[in-house]
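Let us walk through the aromatic ring pairs of this model, then turn to a charged side chain.

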Amino acid sequence: MRTRELTVCGLLTAVALALSYLENLFPLAVAIPIPGVKLGLANIVTVFVLYAMGADRAFLVLAARCLLGAMFAGNMNALLFSLLGGFSAMAVMSVLSRLRGLSVYGVSMGGAAAHSCGQIAAALLSLGSLAPLYYLPVLLVVSLFTGALTGLVSACLFKGLGHVNLKVTEAD
């Protein structure tokens, strides 16, 4: 990885961390009284990096965000949930982004659903019980809305930054 690309990935990781922190300041439970539901603002960066720089760089930014976010929050127990949810979402989005005719909205919604599945898997592992499976349908319905929101903001970001080239060429 070249210096420019590493710098861009570092900056985008910082933006994702800031969005994740900012999201914790919103009292979302007032509007959506469902435990554990988040908007997933940091996933806007993940979707952006996936389309702008490729899946390998998106995985890198995601992993750095998960690790640093858990360290900064002082909650290493949440790392399992963050990694399983994030990597599940990233794997699904990297496959879906290659399908012709599927927009960033569909890719983002698929990623949000996969994120919910990954987090339920983390809950199954950590609790040693099948009880979290009962919560999965609720999370999947909510993920349609949060994924659509992430897709909408990402689409706006692509339109606004259409003139910016983040791909690194041999000349860079």
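Rings of Phe, Tyr and Trp count as a pair if their centres lie within 6.5 Å. The model is a predicted one. By this rule, three aromatic pairs are found.

Take Phe-48 and Phe-158. Their ring centres are 5.7 Å apart and their planes meet at 20 degrees, so the pair is stacked; the cut-off for stacking is under 30 degrees. The pair joins distant parts of the chain. Phe-48 sits in helix H3 (residues 42-53), Phe-158 in helix H7 (residues 136-160), and 110 residues separate them. Phe-48 has 8% relative accessibility, so it counts as buried. Phe-158 is partly exposed, at 25%.

Now move to Phe-59 and Phe-87. This pair is edge-to-face, with 5.8 Å from centre to centre and 70 degrees between the planes. Here, too, distant parts of the chain are linked: Phe-59 belongs to helix H4 and Phe-87 to helix H5 (residues 78-96), 28 residues apart. Phe-59 is partly exposed at 28% relative accessibility. Phe-87 is partly exposed as well, with a relative accessible area of 33%.

Which side chain of opposite charge is nearest to Arg-65? Glu-23 is, but it lies 7.1 Å away. A salt bridge needs a side-chain nitrogen within 4 Å of a carboxyl oxygen. Arg-65 is buried and has no salt bridge. Leaving aside residues up to four places away in sequence, Arg-65 touches Thr-13, Ala-16, Leu-17, Ala-42, Asn-43 and Thr-46.

Conventions. Residues numbered from 1 in each chain as written. Predicted model: local features only at pLDDT ≥ 70, side-chain atom pairs only at ≥ 80, totals over all residues. Heavy atoms only, no water. Buried < 20%, exposed > 50% of the residue type's maximum accessible area, 1.4 Å probe, protein only. Lys, Arg positive; Asp, Glu negative; His and termini not counted. Contact = heavy atoms within 4.5 Å. Phe/Tyr/Trp six-rings, centres within 6.5 Å; stacked < 30°, edge-to-face > 60°. Helix = DSSP H or I, 4+ residues; strand = E, 2+ residues; numbered from the N terminus.
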